[in-house]
Amino acid sequence: MVIRVPFTGAEKESLQVALERHRDAVLWKLEGLGDDDLRRRMTPSGTSLLGLVKHLAAVEYGWFCDTFGRAAEPLPFDDDNPDADLRIRPDETTEEVLAFYGRARAAADRAIDELEVEDTGTAWFSEAVTLRWVLIHMVEETARHAGHADIIRELIDGMAGDHRPG
């Protein structure tokens, strides 16, 4: 089923559905692949499908939870390694990364449900941001990485598209 942004929906609902649509597209790109393909670095910079999911989990926790003073798990950011959140360590399993993303999405959804679009939090760079801004940013971030995932998946086995067929 294709998730569609409501044509006449309210602002927060529309932004949340847009985010959900791109989240689901990212996960769809992983379906049917084995662990080696999910971890395979497909670009000169080292991007992998599973690494994109790990990154998206970290930024969802960061933007929706840390920004608004909500609990988050320890995040895979490292000042000495700016790409740590995009890299899969040998000891990390696919199941662990997918579960991390699931928990991040659930925590983000709780924050979205409980906050108003005008509510403000403090971003990691110490500036005030509204939930509206965070939603817009995360729709952009997730859509960008869904596009990366689409290209990576096409390089692996030829599958392309932004949503499941049918």
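1. Helices and strands here are DSSP runs, numbered from the N terminus: a helix has at least four residues, a strand at least two. The model is predicted. On that basis the protein has five helices and two strands. Read along the sequence, their pattern is α-α-α-α-β-β-α.

2. Start with the overall form. The C-alpha trace spans about 45 × 45 × 25 Å along its principal axes. The radius of gyration is 16 Å, which agrees with the value near 15 Å that a compact globule of 166 residues would have. Of the 166 residues, 45% count as buried. Take the contacts with a separation of 6 or more: residues 24 or more positions apart account for 72% of them.

3. Now the helix pairs. Two packed helices are described by the angle between their axes and the distance between the axes.

4. Helix α1 covers residues 11-28, and helix α5 covers residues 131-157. Their axes are 8 Å apart and meet at an angle of about 20°. The two helices are therefore roughly parallel, since angles under 35 degrees count as such. The crossing of α1 past α5 is left-handed. From α1, the contact includes L15, A18, L19, V26 and W28. From α5, it includes L135, I136, M138, V139 and A146. Charged residues take part too, among them E11, K12 and R23 in α1 and R132 and R153 in α5. By class, this contact has 13 nonpolar, three polar and five charged residues.

5. Helix α3 (residues 49-66) packs on helix α4 (residues 94-114). The angle is about 25°, and the axes lie 8 Å apart. That makes α3 roughly parallel to α4. Here too the crossing is left-handed. On the α3 side, the residues in contact include L50, V53, L56, Y61 and F64. On the α4 side they include V97, L98, F100, Y101 and I112. The contact of α3 with α4 has 17 nonpolar residues, one polar and four charged.

6. How do α3 and α5 run relative to each other, parallel or antiparallel? Their packing angle is about 175°, with the axes 10 Å apart. Angles over 145 degrees count as roughly antiparallel, and α3 and α5 are therefore roughly antiparallel to each other. Their contact divides into 14 nonpolar, five polar and three charged residues.

7. Look next at one residue of α3, V53. Is V53 buried or exposed? V53 is buried, because its relative accessible area is 0% and the cut-off for buried is under 20%. Beyond its neighbours within four places in sequence, V53 is in contact with V26, L30, V97, L98 and Y101. Of these, V97, L98 and Y101 are among the α4 residues that meet α3, while V26 is one of the α1 residues that meet α5. V53 and E96 are 43 residues apart along the chain, and their C-alpha atoms are separated by 11 Å.

8. One backbone detail deserves a check by eye. Most residues other than glycine have a negative phi. S126 is not a glycine, yet its phi is positive, at about 75°. Where does S126 lie? It sits in the loop between β1 (120-122) and β2 (128-130). S126 is exposed, because its relative accessible area is 61% and exposed means over 50%.

How values were computed:
Residues are numbered from 1 along each chain as its sequence is written. This is a predicted model: local features need pLDDT of at least 70, side-chain atom pairs count only at pLDDT 80 or more; totals for chains, interfaces and linings use all residues. Side-chain values use heavy atoms; hydrogens and water are left out. Axes are lines fitted to C-alpha atoms, for helices over the stretch in contact, and angles run from 0 to 180 degrees between N-to-C directions. Angles under 35 degrees count as roughly parallel, over 145 as roughly antiparallel, 65 to 115 as roughly perpendicular and the rest as oblique. A crossing is left-handed if the near helix is turned anticlockwise from the far one by less than a right angle, and right-handed if clockwise. Contact means heavy atoms within 4.5 Å. The radius of gyration is taken over C-alpha atoms; the globule rule is 2.2 Å times the number of residues to the power 0.38. Buried means under 20% relative accessible area, exposed over 50%, partly exposed in between (1.4 Å probe, protein chains only).
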